[in-house]
Amino acid sequence: MSGDVIRLEVPARPEYILAVRLVVSAVAERGGFSIEDIEDLKVASAEACILLMDSAPETLDIRITAGDALSLEIKALGQRGAAAKTSSEEGLSQYLLEALVDNCEIRQEGGVVRSVRFTKRP
Amino acid sequence: MTHRVGDSMGQQGTALSEQALLESYAKTRSETLRNQILEKYLYIAEIVAKKFVGRGVEYDDLFQVASLALVKALDRFEPGRGVKFASFATPTLVGEIKNYFRDKTRMVRISRRETEMVRKLEEAKAHLTTKYGRSATPEQVAEYMGLSVERVLELMEAQSAGYATSLDSYVATGEDSQLIKLVGSTDDAYEQIEDKDFLEYCFEHLNDVEKKVIEQRYGQNKSQLEVAAMLGVSQMYISRIERRILLKFRNFYEK
């Protein structure tokens with residue numbers, strides 16, 4: 001499954017985080033990750049979504065690349081309303097992400113997070 | 001390039017006072033300050049613990065582990081390095097929770113292959129019970145599953161290894177056979193009596209100042225500095241007295 005790409009676009013609403021988590025766990029399971037690592041990936045994916053939802057996008061574009069490692073790139077697309085003034089959960093999402101995955105890039109545009117990328121090796 | 005989102009947000013006023021609190025705690029290590037800071041940041045433990053719910057450990061336990069980790073993080077935190085406490089503490093909390101999972105699951109870990117076999121064993125038992133109209137023997141199960149009897153028994157063991165046995169469970173039929181009543185332990189009451197006796201003996205051989213120092217330092221938990229102020233002497237003097245008392249105690253003990 002080296003280099004396989006799985007793409008997913010979901011409405012940027014909290015109720016779809018579960019769908020993202022499930023897809024990520026299914027792909028990670030194929031990639032030989034341990035149960036603990038899969039759980040970490042699920043939490044990390046959810047945190048990335050939460051972080052992106054602060055910018056009030058229409059949709060989240062998720063791209064999972066499954067190779068020797070599992071990479072996720074999530075982009076915020078469109079604009080549904082005004083971006084949140086303060087980050088939810090006091091910015092902890094970012095720290096959690098950094099603690100759970102191997103490397104993590106959080107990109108801001110105009111003061112809000114618009115894309116998150118991270119990788120985890122099994 | 002990583003942008004730290006949290007840093008630019010939050011109210012400036014509270015951020016400043018939190019920073020001031022952390023700085024003065026780093027200098028004084030005062031318990032009052034520590035409690036004050038921990039209360040402010042306990043929400044981190046709460047949020048992080050919630051993220052790990054659903055992995056086989058209760059939220060309350062996770063929160064407990066996370067809270068303890070928060071204390072550890074605070075003690076290791078060096079303000080003035082330009083890192084926010086939340087950013088410093090979160091990895092510690094995550095690490096401690098993951099250690100907890102590892103330690104906890106090590107006790108009850110069944111390999112994935114074993115889990116699969118246990119599930120098949122369940123199916124086989126159910127199938128055979130229906131077929132024969134009574135509970136199947138391990139031999140019947142072994143034959144049905146194409147395994148040795150030994151392997152079946154092993155699986156049955158693995159099946160129950162996933163659960164910790166309650167101390168309140170009964171090990172035999174009879175009234176007083178709860179497991180907890182049969183597990184032995186060292187009775188340290190005797191040792192306590194001896195210790196108390198020894199301490200009383202030593203105390204009789206101390207002068208008034210020495211008694212006072214012991215009472216204040218270990219009875220009232222006062223610092224050397226506080227006791228020194230109380231007696232109108234230097235802290236060095238208290239320290240010397242303590243060493244002298246210790247020496248006396250040791251001499252008595254060796255006798």
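**A helix and a sheet in chain A**

Author: Helix α3 of chain A, residues 92–100, is largely enclosed by the rest of the structure, because nine of its nine residues are buried (20 or more other C-beta atoms within 10 Å of a residue's own, with C-beta atoms placed from the backbone). The buried residues of α3(A) are A:Leu92, A:Ser93, A:Gln94, A:Tyr95, A:Leu96, A:Leu97, A:Glu98, A:Ala99 and A:Leu100. The model is predicted, with local features requiring pLDDT of at least 70 and side-chain atom pairs pLDDT 80 or more, while totals for chains, interfaces and linings use all residues. Residues are numbered from 1 along each chain as its sequence is written, and chains are lettered from A and ligands numbered from 1 in the order in which they are written.

The sheet of chain A is open and consists of five strands in the order β1-β2-β3-β5-β4, with antiparallel pairing. Helices (H or I, at least four residues) and strands (E, at least two) are DSSP runs, numbered from the N terminus, and two strands pair if DSSP finds at least two bridges between them. At the edges of the sheet lie β1 (4–11) and β4 (103–109) of chain A, each of which pairs on one side only. From one strand to the next, the twist averages 15°.

Two helices of chain A pack on this sheet. Helix α1(A), residues 17–30, touches β1, β2 and β3 of chain A (contact being C-beta atoms within 7 Å), and its direction makes about 170° with that of β1(A). Such angles run from 0 to 180 degrees between N-to-C directions of lines fitted to C-alpha atoms, for helices over the stretch in contact. Helix α2(A), residues 35–53, touches β2, β3, β4 and β5 of chain A, and its direction makes about 165° with that of β5(A).

Eight bridges join β1(A) to β2(A), and the two run antiparallel. Across this pairing, A:Arg7 stands opposite A:Arg63 of β2(A), and A:Pro11 has A:Thr59 as its bridge partner.

Strand β2(A), residues 59–66, is in turn joined to β3(A) by eight bridges, again in the antiparallel sense. These two strands form a hairpin, with three residues between them. Here A:Thr59 faces A:Leu77 of β3(A), while A:Leu60 stands opposite A:Ala76 in β3(A).

On its other pairing, β3(A) runs antiparallel to β5(A), residues 112–120, over six bridges. Within this pairing, A:Glu73 has A:Arg117 of β5(A) as its bridge partner.

Strand β3(A) itself spans residues 70–77, and its side chains alternate between two faces. A:Leu70, A:Leu72, A:Ile74 and A:Ala76 point to one face and are buried.

Technical notes. A residue is buried if 20 or more other C-beta atoms lie within 10 Å of its own, exposed if 12 or fewer, and partly exposed in between; C-beta atoms are placed from the backbone.
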